[in-house]
Amino acid sequence: TARARAQAALTDLRPRPDDVAADTIAGLARTPKRLPSKYFYDAEGSRLFEAITRQPEYYLTRVELALMETALGPIAQAAGPDVHVVEFGSGSGRKTELLLAGLDHPVAYTPIEISRTALMDSVTRLGQSFPDVQMLPVCADFTRPVPLPAAQHRSRRTLVFFPGSTLGNFREAESVQLLASMRDTMGEAGCALVGIDLDKDPAVLEAAYNDLAGVTAAFTLNLLARLNREIGSDFALDAFHHRAVYARERMRIETALVSDRAQTVHVGEHAFAFEAGEAMQVEISQKYTDASFAALAARAGLRVTHGWNDPTGAFGLRLVQP
Ligand code: AVJ
């Protein structure tokens, strides 16, 4: 079956509980406290994120999917034939489906995804839709060096796919590092297709990260549930609340879990005191202008060769090359 084939091809480098614990302890020891947003994506977190993408306020996924459909012709043209697609943070693979269908004879697909269940589900589905594309799933944290499996058939070039404005979840220095590691992955002949959420009315942005149904709040709080289960921390799930605010000067949504009362949280033998109202940073979602993204790419040795924005200017796709 497609699932068995996906399982057999899997490279499993998913973070171990020890990594999760060490990152959590390091983040809680900082001022202000901070938790890594990559740990949002366990099975439940990935499911909640998919639910976010269906909320009316969360325009990003809808707009990017529509933009992909209209820009696919020129994207395929620019990418050329026989490419190996390497996706960073592939999630459900809905955008990948469009990309693989639009490209001229893609030979292999390497999704790098931290959530094993999301990865296996997407590769099983894509494997059925694209029997001629070799599926090379890698479960890993893509912010660390990831050894990539070799494809069976020679590709003409590597196309790195990094949609969703996932880049926005990283601070400036980390973003440059990440783009530089993508540059290494694509090689001199390769390219990357990057999705970026564009700067806009703060009310629209804040609504997108504070949906009325409360799915984003549940997604944020799931991080604490995951940590409690996986590393034995004792976050009181009913004593923190979600807060997402647009910081205009930094052009980014800043999401925090705010402590409702003074409390102490334990991780192993470590104890961390929270004041009432204390905010723990859990995610940033950077927004971009044409110039800010081009400058970031340039710092990683990449230049923007093509760009597409949706008709409302809400979201963009950029093709970058060494
Ligand atoms: C999938 C990482 C791009 O930052 O917009 C959505 C994650 N967090 N709502 C984003 C997210 C809260 C999302 N990314």
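**Sheet, ligand shell and overall fold**

Strand S9 (residues 252-259) runs antiparallel to S12, and seven bridges join the two. Among the residue pairs, Ala 256 has Gln 281 in S12 as its bridge partner. The model is predicted.

**The sheet**
- The order S8-S9-S12 describes an open sheet of three strands with antiparallel pairing.
- Strand S8 (240-247) and S12 are at the edges with a single partner strand each, so one side of each has no neighbour in the sheet.
- From one strand to the next, the twist averages 20°.
- H9 packs on this sheet and touches S8, S9 and S12; the direction of H9 makes about 120° with that of S8.

**The ligand shell**
- The residues around the ligand are Ile 52, Leu 60, Gly 164, Ser 165, Thr 166, Gly 168, Asn 169, Tyr 209, Thr 216, Phe 219, Glu 283 and Ser 285.
- Helix H9 (215-231) and strand S12 (279-286) are the elements that give two or more residues to this shell.
- By class, the shell holds four nonpolar, seven polar and one charged residues.

**The chain as a whole**
- The protein chain contains ten helices and 14 strands.
- Its radius of gyration is 20 Å, close to the 20 Å from the globule rule for 322 residues, so the chain is as compact as a globular protein of that length.
- The C-alpha trace spans about 60 × 45 × 35 Å along its principal axes.
- Of the 322 residues, 41% count as buried.
- Among contacts with a separation of 6 or more, 74% are between residues 24 or more positions apart.

How values were computed:
Residues numbered from 1 in each chain as written. Predicted model: local features only at pLDDT ≥ 70, side-chain atom pairs only at ≥ 80, totals over all residues. Helix = DSSP H or I, 4+ residues; strand = E, 2+ residues; numbered from the N terminus. Rg over C-alpha atoms; globule rule 2.2 N^0.38 Å. Buried ≥ 20, exposed ≤ 12 C-beta atoms within 10 Å, placed from the backbone. Contact = placed C-beta atoms within 7 Å. Near = placed C-beta within 6 Å. Nonpolar A, V, L, I, M, F, W, Y, C, P; charged D, E, K, R; others polar. Pairing = 2+ DSSP bridges. Axes fitted to C-alpha atoms, helices over the stretch in contact; angles between N-to-C directions.
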